[in-house]
Structures are given as C-alpha cells and as structure tokens.
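Good morning, and thank you for making time for this presentation. Please look at the sequence and the model as they come up, and I shall then take you through them.

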Amino acid sequence: SGEGEYWMDVPIAPLGTFVVNLGDMLERWTNGKFKSTVHRVLIPPSNGKEQERERYSIPFFYDPQFDAIVECLESCVGDDGVKKYPRTTSGEHLLSKYHETHADFAK
C-alpha cells in the first residue's frame with residue numbers, strides 16, 4: 001500500500017449496476033490519471049450470520065495484441081511533460097506481471 005492508500009468498503013450498488021476495475025495498462029496509457037485498482041471481494045455477513053447472501057463475479061480480461069505499443073497518451077501528459085512510465089509493449093508488460101507473481105514462471 002502506498003502513501004495515502006487505504007482499503008475502503010464500497011456500498012452495495014443498486015440492481016442492474018456493474019463495477020469496472022481498471023488494469024495496469026490503462027494506468028500506464030493515462031499516465032496515472034486512471035488508477036489500476038487492487039481489489040478484494042468479501043461477502044458481508046447478513047443478520048450476524050456468516051455469508052448468507054450469494055455473490056456472483058464474472059471477471060473479464062481484455063488485452064491488446066502482444067506487440068501493441070503501450071505508452072502514455074499525449075493527452076495525458078501534464079504541463080511538466082513527465083511521462084511516469086516507460087514505453088513498453090502489451091506482451092512485455094504482461095510477462096513482467098507474470099514474473100512478479102509467479103516465481104516459477106519460465107523466462
């Protein structure tokens with residue numbers, strides 16, 4: 001957790017609502033304007049009993065082609081001209097994430 005970051009409860013959304021968690025590549029493209037979300041889901045207890053309610057989660061991951069360039073969009077560069085993330089490709093980025101989370105992932 002970085003400085004000023006904390007976990008927060010999110011109220012239950014009205015029926016027909018869906019939540020979108022943004023990924024790391026979108027954060028890179030937007031120079032941090034849109035943050036990638038670290039998320040965990042807990043089913044809250046109901047009437048003091050453990051997990052009476054059902055919860056459905058349907059994750060969907062969409063990535064650009066493996067060799068697609070991932071770099072800050074010009075419209076997201078501030079007046080200071082700083083790009084927070086170096087240019088990479090979609091494939092290089094995904095492979096780096098696998099290496100960070102899977103010690104046995106072949107290089």
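Let me begin with a definition: a residue is called buried under 20% relative accessible area, exposed over 50%, and partly exposed in between, with a 1.4 Å probe and protein chains only. Phe 105, at 32% relative accessibility, therefore counts as partly exposed.

A word on the source of these values. The model is predicted, so local features need pLDDT of at least 70 and side-chain atom pairs count only at pLDDT 80 or more, while totals for chains, interfaces and linings use all residues. Residues are numbered from 1 along each chain as its sequence is written, and side-chain values use heavy atoms, with hydrogens and water left out.

I turn to the overall layout. The protein chain contains two helices and two strands, and from the N terminus on these run α-β-β-α. Both kinds of element are DSSP runs numbered from the N terminus: helices are H or I with at least four residues, strands are E with at least two. Of the 107 residues in the chain, 14% count as buried. The chain exposes about 9,700 Å², and carbon and sulfur atoms supply 56% of that area; accessible areas come from the Shrake-Rupley method with a 1.4 Å probe, and for residues only the protein chains shown count as cover. As for contacts, meaning heavy atoms within 4.5 Å, residues 24 or more positions apart account for 50% of those with a separation of 6 or more.

Next, Asn 31. Where does Asn 31 lie? Its place is the loop between helix 1 (24–29) and strand 1 (69–70). With a relative accessible area of 7%, Asn 31 is buried. The side chain of Asn 31 reaches the backbone oxygen of Val 82 at 2.9 Å. That is a polar contact, a pair of N or O atoms within 3.5 Å; within protein, one must be able to donate a hydrogen and the other to accept it, and residues adjacent in sequence count only if both atoms are side-chain atoms. Leaving aside neighbours within four places in sequence, Asn 31 is in contact with several residues, including Cys 72, Cys 76, Lys 84 and Tyr 85.

Cys 72 sits in the loop between strand 1 and strand 2 (88–89). Cys 72 is also buried, with a relative accessible area of 5%. Although Cys 72 and Asn 31 are 41 residues apart along the chain, their C-alpha atoms are separated by 5.5 Å. Not counting residues up to four places away in sequence, Cys 72 touches Arg 28, Trp 29, Asn 31, Val 77 and Lys 83.

How many disulfides does the model contain, taking a disulfide as a pair of cysteine sulfur atoms within 2.5 Å? By this rule the count is zero. Cys 72 is in no disulfide, and the nearest cysteine sulfur, in Cys 76, is 5.6 Å away. Seen from Cys 76, which is buried at 18% relative accessibility, that distance to the sulfur of Cys 72 is too far for a bond.

I come now to charged pairs. Side chains of opposite charge can pair when their charged atoms come close. The structure holds four salt bridges, each a side-chain nitrogen of Lys or Arg within 4 Å of a carboxyl oxygen of Asp or Glu. In one of them, Lys 97 meets Asp 24 at 3.0 Å, N to O. Lys 97 lies in helix 2 and Asp 24 in helix 1, so this pair ties together parts that are 73 residues apart in sequence. Lys 97 is partly exposed at 27%, as is Asp 24 at 30%. Asp 24, Lys 97 and Glu 100 are linked in a network of salt bridges.

Another salt bridge joins Arg 87 and Glu 71 at 3.7 Å, N to O. Arg 87 and Glu 71 are both in the loop between strand 1 and strand 2, 16 residues apart. Arg 87 is exposed at 55% relative accessibility, whereas Glu 71 is partly exposed at 30%. Lys 83 and Glu 74 also meet in a salt bridge, at 3.2 Å, N to O. Here Lys 83 is partly exposed at 39% and Glu 74 is exposed at 58%.

Finally, I return to Phe 105, found in the segment after helix 2 (90–101). Phe 66, Leu 95, Tyr 98 and Phe 105 make a nonpolar surface patch of about 370 Å². Patches are made of residues with over 30% relative accessible area and no salt bridge; like charges are joined within 9 Å, and nonpolar side chains (Val, Leu, Ile, Met, Phe, Trp, Tyr) within 5 Å. Thank you for your attention.

Notes: A disulfide is a pair of cysteine sulfur atoms within 2.5 Å.
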